[in-house]
Amino acid sequence: MKMSIHRRQISRRSILAGAAAAGLTGTLAACGGSDDSGKSSGPVKLTYWSWAPNMDKVVAIWNKKNPDVTVTVSKQASGGEILSKLITAKKAGNAPDLIQVEYQSLPTLVSNDVLADISKYAKSAKSEFAEGLWGMVTLGTDAVYAIPQDSGPLMFYYREDLFKQHGLTVPTTWDEFAKTARAARKALPHAYLTTFSSNDPGLFAGLSQQAGGKWWTVDGGGKWTVGIDDAATKKTADFWGGLVQEGVIDNQPMYTPAWNNALNKSTHLAWVSAVWAPGVLVSSAPDTKGKWRMAPLPQWSAGESVTGSWGGSSTGVSTDSKHAEAAAGFAHWLNTDPEALAALVKDAGLYPAATKGQSGSVLTTPAFFPNQTDFYDTAAKVAATTAASAWGPNVQIAYDAFTDGFGAATKARKSAQFDSALAAMQSKTFADMKKQGFKVTEA
């Protein structure tokens, strides 16, 4: 029987089974790596690999209060670079004690035996987080592979001034979104409601997640199922492909000078993005300060309340750490202590995953949104509805296939090519897992 990756019956050994068959993992390690107890007598020194800015300032708070457990931050690059570096370090037996890990990278690191199960030290943290976020760090097992750190719930950003001026409706469903896109194109023939971008698969993954997509699942025997072209994701691809072909939304990629100009010169009236969007708009659309507003993401059915996520990371402990208990204690403090959460916001610029970190005086109204004083109150309500994602051990293969296939489909403005691009994501991801030696089937 096929199970979701977020079902709790799956064992840690099952998650590692396919990778072990391919020679990707070492012997299953205990939580504390080479130190079975994870405890230490005397002062402890821990190394923390992180890419978040000013994390050393946050860590300094801990070090001042905990002189017997000193944490040193080693600044790293994010994404695939840190992933490769971690796997290499694990093979050499010198992975850092603590690791900042993107949620989609967790299965890859677990299958390569990089991350320790810290459940005996960290299970009490569960109540601090939304259920969907906690599911991302357990991978459906009784294990806990990390503590959620920051999150990126999806939301809908729109030009409040232009919506009012042209009588456009803020959509609460995706059907309404399509109607608003058509109305915007009619009212402003030189403009679009927004764009479908093929250069950042994280957004599409989050939208599919909201629709109920489960790209990877694994059963109790360790057999993976690749279902990237499942019904929920097909629905998402067909929706956006149809709007692109119809010509009522743009087809240019994000983060380019042309995209910046579209936002700044009002030829894009909205942006489906995450909680961190205000920081992007500051530099991409500086002339539009005070003209934007944020609303919850449109829903597939009226009355629903669920969002996907785009970005976010966690704090894990490596299987090489000789001080697992101390490392887990720091990870718990970093992501749940009020003073630490405030520092993550103020110094590192992160939106905390912990529920209690998503409100309070430290989360002041974004300077770019002076017209929306309830910005973070609304954001917290949206964040609480984040659906659990279903990541697998070869996310980068799927992401590369998205960029290639959807890039061509978007440029061609052909809805049928969106379908074929999704099929290619499916086949390439499945073939890669089979090549690596995982026990794998297709949905």
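Keep in mind that the model is predicted. The chain has 443 residues, and its radius of gyration of 22 Å agrees with what a compact globule of that length would have. Its secondary structure consists of 17 helices and 10 strands.

**Overall shape and packing**
- Along the principal axes, the C-alpha atoms fill a box of roughly 70 × 50 × 35 Å.
- Of the 443 residues, 59% count as buried.
- If you look at contacts with a separation of 6 or more, 77% of them come from residues 24 or more positions apart.

**Surface and charge**
- The accessible surface of the chain is about 17,000 Å², and carbon and sulfur atoms account for 51% of that surface.
- You can count 42 positive and 38 negative side chains, with the centres of the two sets 2 Å apart.

**A closer look at Asn-394**
- To find Asn-394, go to the loop between helix H15 (375-383) and helix H16 (395-412).
- Is Asn-394 buried or exposed? Asn-394 counts as buried because its relative accessibility is 5%, and the cut-off for buried is under 20%.
- The side chains of Asn-394 and Trp-216 make a polar contact at 3.2 Å.
- Leaving aside residues up to four places away in sequence, Asn-394 touches Thr-108, Trp-216, Thr-429, Asp-432, Met-433 and Gln-436.

How values were computed
Residues are numbered from 1 along each chain as its sequence is written. This is a predicted model: local features need pLDDT of at least 70, side-chain atom pairs count only at pLDDT 80 or more; totals for chains, interfaces and linings use all residues. Side-chain values use heavy atoms; hydrogens and water are left out. Helices (H or I, at least four residues) and strands (E, at least two) are DSSP runs, numbered from the N terminus. The radius of gyration is taken over C-alpha atoms; the globule rule is 2.2 Å times the number of residues to the power 0.38. Buried means under 20% relative accessible area, exposed over 50%, partly exposed in between (1.4 Å probe, protein chains only). Contact means heavy atoms within 4.5 Å. Accessible areas come from the Shrake-Rupley method with a 1.4 Å probe; for residues, only the protein chains shown count as cover. Lys and Arg count as positive and Asp and Glu as negative; His and the chain ends are not counted. The place of a charge is taken as NZ of Lys, CZ of Arg, CG of Asp or CD of Glu. A polar contact is a pair of N or O atoms within 3.5 Å; within protein, one must be able to donate a hydrogen and the other to accept it, and residues adjacent in sequence count only if both atoms are side-chain atoms.
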